[in-house]
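Trainee: I'm new to this one and would like a close look at a single part, the sheet. Could you walk me through how its strands are put together?

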Amino acid sequence: MANLVKKSFDNPDDSVTPDKTSVATLEFGSVKANRITLQPGWMWSECIKPHVGGESCQAGHLGTCIQGTMRVTHDDGTEMIVSAGDAYSISPGHDGEIISDEPFIGYEFNNQGKSFAVWDS
């Protein structure tokens, strides 16, 4: 028997709004889908770190950007720029900052049932 499920980010299962951040989460069993909106001037180290601590973001990310531009700097010093139309994979141990004048909008997915730390608060 087929299992068909449809949900809307306009009516999420969960949502959080730390400083300059808006995350809407849809849950499909152990899979979570997140719509992440980060405002110009957002930096993980300024907007999220105060809530979760640590020296860098320890969550992994797999997603795609549909608007805006983010610079990601890994703990080892490597950097990448993520812009609209890019798919991305970011390993734990990084900082990020929005470098565009428009909000960054991304969709991220994980099938590990993990949380994204601040999203649980």
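Mentor: Start with β1 and β2, which run antiparallel and are joined by three bridges. Strands here are DSSP runs of E with at least two residues, helices are runs of H or I with at least four, and both are numbered from the N terminus. Two strands count as paired if DSSP finds at least two bridges between them. One of the bridges puts S15 with A24 in β2. Four residues sit between the strands of this hairpin, and K20 takes a positive phi near 60°.

Before going on, keep in mind that this is a predicted model: local features need pLDDT of at least 70, side-chain atom pairs count only at pLDDT 80 or more, and totals for chains, interfaces and linings use all residues. Residues are numbered from 1 along each chain as its sequence is written, and side-chain values use heavy atoms, with hydrogens and water left out.

Next along, β2 (residues 21-28) pairs with β3 (residues 31-38), again antiparallel, over eight bridges. F28 has V31 of β3 as its bridge partner, and E27 stands opposite K32 in β3. The hairpin of β2 and β3 has two residues between the strands, and G29 in the turn shows a positive phi of about 65°.

Now step back to the whole sheet. It is open, has six strands in the order β1-β2-β3-β9-β4-β7, and its pairing is antiparallel. At the edges are β1 (14-16) and β7 (87-90), each pairing on one side only. Neighbouring strands are turned by 20° against each other on average, direction ignored; the axes are lines fitted to C-alpha atoms, for helices over the stretch in contact, and angles run from 0 to 180 degrees between N-to-C directions.

W42 brings us back to where we began. Leaving out residues up to four places away in sequence, W42 touches D19, K20 and T21, among others including M70 and I98; contact means heavy atoms within 4.5 Å. And K20 is the residue with the positive phi in the hairpin of β1 and β2.
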